[in-house]
Amino acid sequence: MKRARHGLRRLPLALCLTLALPGASLWSTAAHAASNDNNVEWAGLFHDQGPLYDSAPEPTASTPVALTFRTYKGDITSANIKYYDSADGQFHWVAMHWVANDATGTYDLWQGTIPASSSEKYYRFQINDGSAVAWYNAAGITGSEPSSGDFFVVPGFTTPSWIKNGVMYQVFPDRFYDGNTANDVTNGQYTYAGCATEQHAWGTGVTANVSGCNSEVFFGGDLAGVDQKLGYIKNTLGADIIYLNPIFSSPTNHKYDTQDYYTVDPAFGSNSTLQQLIGDVHSSSNGPRGYLVLDGVFNHSGDSSCWFGKASYGSISCPQQGAYQSQSSPYYSYYTFQSWPGSYSTFFGIPSMPKLDYGASGSATRNQIYGNSGSVVQTWLAPPYGIDGWRLDAAQYLDAGGNNGSDATNHQIMREMRTAVKSANSNATIIGEYWGDASSWLDDGAEWDGAMNYNGFTQPVSEWICGVDESGNSASLTPSQLDSWLHGTRADLPVDVQQTMTNFLGSHDTSRFATRCGGDIWKTYLGLIFQMTYVGTPTIYYGDEYGMQGGADPDNRRTFDWSQATTGNAAVALTQQLIRIRNQYPALRTGSFMTLLTDDTHDIYAFGRMDKTNRIAVALNGTSNTETVTVPVYELSMTNGSQVTDLITGNKYTVSGGNVTVNVEGHYGVILAQ
């Protein structure tokens, strides 16, 4: 499982082990909690940074953070917060006090406050019952003090509320909808890398007629097509964030080999077409006010770029020679040559993708990509365009000297890029592409807002539901293993980052979810329910909402079947309903997450989401059979005799004995709200 728990970042283990426990004067005792059986009941312990347990998940430097901790009623004698303050490099202790019981009378709630300051902090809880001690942090519960995995307090760091509260829809432009046939790429229109362009009819195969030429297959999808189908995205589905795969001038259909970062590819339209699309996405007259995120391919350019000048494509006239053409080129420093001109650094050895050399801070490359108001990054964020953020392709590899992501330089670039993005649009988002544990770019609020959540959603969910990983390799998880994986990856991140991680069933770089699941549409239903109720930003790769099939690239980039784009399709109807439910209940977006049940025998996974207004239990059935599931909703403080409603079916149930018992169809779920 590709995860690590950093928690107590940059602290030497020796320091963690040698700090003394607090003196007796720091320990508090409450008359309401005085059972001295010298045994802390771990099952009753809970805290996360949801709104019921953390007064300020995104504090300013002047905001104290009041923390609430839950225990079984009468179980403990004292509780303390222990936090590390990066300002002085020391641990500090805060004694907690009893404040209330929950609505059921099952639990005690304890509270303590970390004082306001501008410094980053990490905290854990010490729970005491007489001589027994338990420790609790983001990574879990232990009997001895942990050395990592703590909760975060990062003053001044916020992630955009629109992405935390939104639903994203990813579009691969050439394959979505042909809105303007006049700009379609035709057979033999041009030749690139020895491959002549092929125009394929919509709905036909994506494989080129000439072996090795798949990147030159075009179907005619464009920005006008996206604009014309905004009603489907924003109204039929209800998604409000659109992420476009690359749209800038390039000879290929995928456009990850950029020719000109300042020009929309003619096959997709023009800069004016993009401006119109952005305005229509932002409009609230055609559905909810939306947001548009572009794909930033800044690790490498294409070899047809004027900056490089090796290949030619289209009608762009370069005012000066590129680095491949002359060592006197003003762009020579943009690239790294081992032996000019034939040997140069590339993206994973692909000659058509020469790697950009970012040099030192203030270099010409950095200024061109992001460092001034006329840079690529800032141009598209600013008027008259005003995009809402960038998804950074191959983000960990941006570096100097042809290296593939040395930590120090890459992080420096990302810190500078964040400053540039936020200076152009303070409400813009930065989403990094990273397939493993991305916490080193996310844990201090200085680089990305979130990342593509391969590690914390796509892979484990695919393994549980489909029995294969995101690449289709055989792998499986039990519900308890799934929960452990998800818990570990959440623990790596501040809570406002968890909420902006993009949770997708598949992407343009994976085989299709429906194909990984053997074409069983019920598994797509289950994946959609999971996706719309879990922590993070649900991200639908176009067509996944109806179970589009497709193997590895390029088969995962088939054309959209518009005959399916109706609520007459059960999966599309479910997607619409789930997005409406998510939009209606903030608890599903920014509420606490609590594991309620991991039944490995019956393949059931249940969890709770809750805030000050609603308590919601989600039960997911990984089998093909209808299962009777008893959900312990008392853990969400649902009282006996109260009712819950399944938001999918409308069926109502009564809480009895602290539980709700419900039949859950195979590869399906229930969303029980109160």
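Mentor: With a definition. A cavity is a set of grid points where a 1.4 Å probe fits but cannot get out. Keep in mind that this is a predicted model.

Trainee: How many cavities of 30 Å³ or more does a search of the whole structure find?

Mentor: The search returns 5. The largest cavity holds about 140 Å³ of space. It has 15 lining residues, and N453, G456, T489, L493 and M501 are the closest to its centre.

Trainee: Which helices each supply at least two residues of that lining?

Mentor: α9 and α10 do. By class, the lining of the largest cavity splits into 5 nonpolar, 7 polar and 3 charged residues.

Trainee: Which residues line the second largest cavity?

Mentor: Q49, P57, E58, P59, F152, V153, V154, F157, P494, V495 and D496. Its volume is about 70 Å³. β9 and α11 each give at least two residues to this lining. The classes here are 8 nonpolar, 1 polar and 2 charged.

Trainee: Now pockets. What is the volume of the largest pocket?

Mentor: A pocket is an open set of points, unlike a cavity, where the probe cannot get out. The largest pocket has a volume of about 660 Å³. Of its 34 lining residues, F46, Y136, H487, R490 and F593 lie closest to the centre. Several elements give two or more residues to the lining: β7 (132–137), β8 (140–142), β9 (151–153), α10 (479–491), α11 (495–498) and β28 (592–599).

Trainee: How do the residues of that lining divide by class?

Mentor: Into 15 nonpolar, 11 polar and 8 charged.

Trainee: Which residues lie nearest the centre of the second largest pocket?

Mentor: Y256, F347, D509, D553 and R557, out of 23 lining residues. The space in this pocket is about 440 Å³. Its lining has 10 nonpolar, 7 polar and 6 charged residues.

Trainee: On to disulfides. How many does a search of the whole structure find?

Mentor: It finds 3. Number the bonded cysteines in sequence order and the pairing reads 1-2, 3-4, 5-6.

Trainee: Why is the disulfide of C195 and C213 left-handed?

Mentor: Read the torsion about the S-S bond. Here it is about -75°, so the disulfide is left-handed. C195 is in strand β12 (residues 195–196) and C213 is in the loop between β13 (198–199) and β14 (217–218), so the bond ties together parts 18 residues apart in sequence. The sulfur atoms are 2.0 Å apart. Both cysteines are buried.

Trainee: What does a disulfide join to C466?

Mentor: C517, with an S to S distance of 1.9 Å. The torsion about the bond is about -55°, so this disulfide is left-handed. C466 is in the loop between α9 (454–465) and α10, and C517 in the loop between α12 (513–516) and α13 (521–533), 51 residues apart. C466 is buried at 11% relative accessibility, and C517 is buried at 4%.

Trainee: Last topic, strands. Which residues lie on each side of strand β24?

Mentor: In a regular strand the side chains alternate between the two faces of the sheet. In β24 (residues 429–432), T429 and I431 are on one side, I430 and G432 on the other. All four are buried, and both faces are covered.

Trainee: Which strands pair with β24?

Mentor: β23 (residues 389–392) runs parallel to β24, joined by 4 bridges. β25 (residues 450–451) pairs with β24 in the parallel sense over 2 bridges. Follow G432: its bridge partners are L392 and A451 in β25.

Trainee: What do β23, helix α8 and β24 make?

Mentor: A right-handed β-α-β unit, with α8 spanning residues 407–424.

Key:
Residues are numbered from 1 along each chain as its sequence is written. This is a predicted model: local features need pLDDT of at least 70, side-chain atom pairs count only at pLDDT 80 or more; totals for chains, interfaces and linings use all residues. Side-chain values use heavy atoms; hydrogens and water are left out. On a 1 Å grid over the protein atoms alone, a cavity is a set of points where a 1.4 Å probe fits but cannot get out, and a pocket is an open set with protein on both sides within 12 Å along at least five of seven lines; lining residues have an atom within 4 Å of a point. Grid points are joined across faces, edges and corners, and a volume is the space filled by probe spheres set on the points. Ala, Val, Leu, Ile, Met, Phe, Trp, Tyr, Cys and Pro count as nonpolar, Asp, Glu, Lys and Arg as charged, and the others, Gly among them, as polar. Buried means under 20% relative accessible area, exposed over 50%, partly exposed in between (1.4 Å probe, protein chains only). Two strands pair if DSSP finds at least two bridges between them. A crossover is right-handed if, with the strands pointing away from the viewer, the path from the first strand over the helix to the second runs clockwise. A disulfide is a pair of cysteine sulfur atoms within 2.5 Å.
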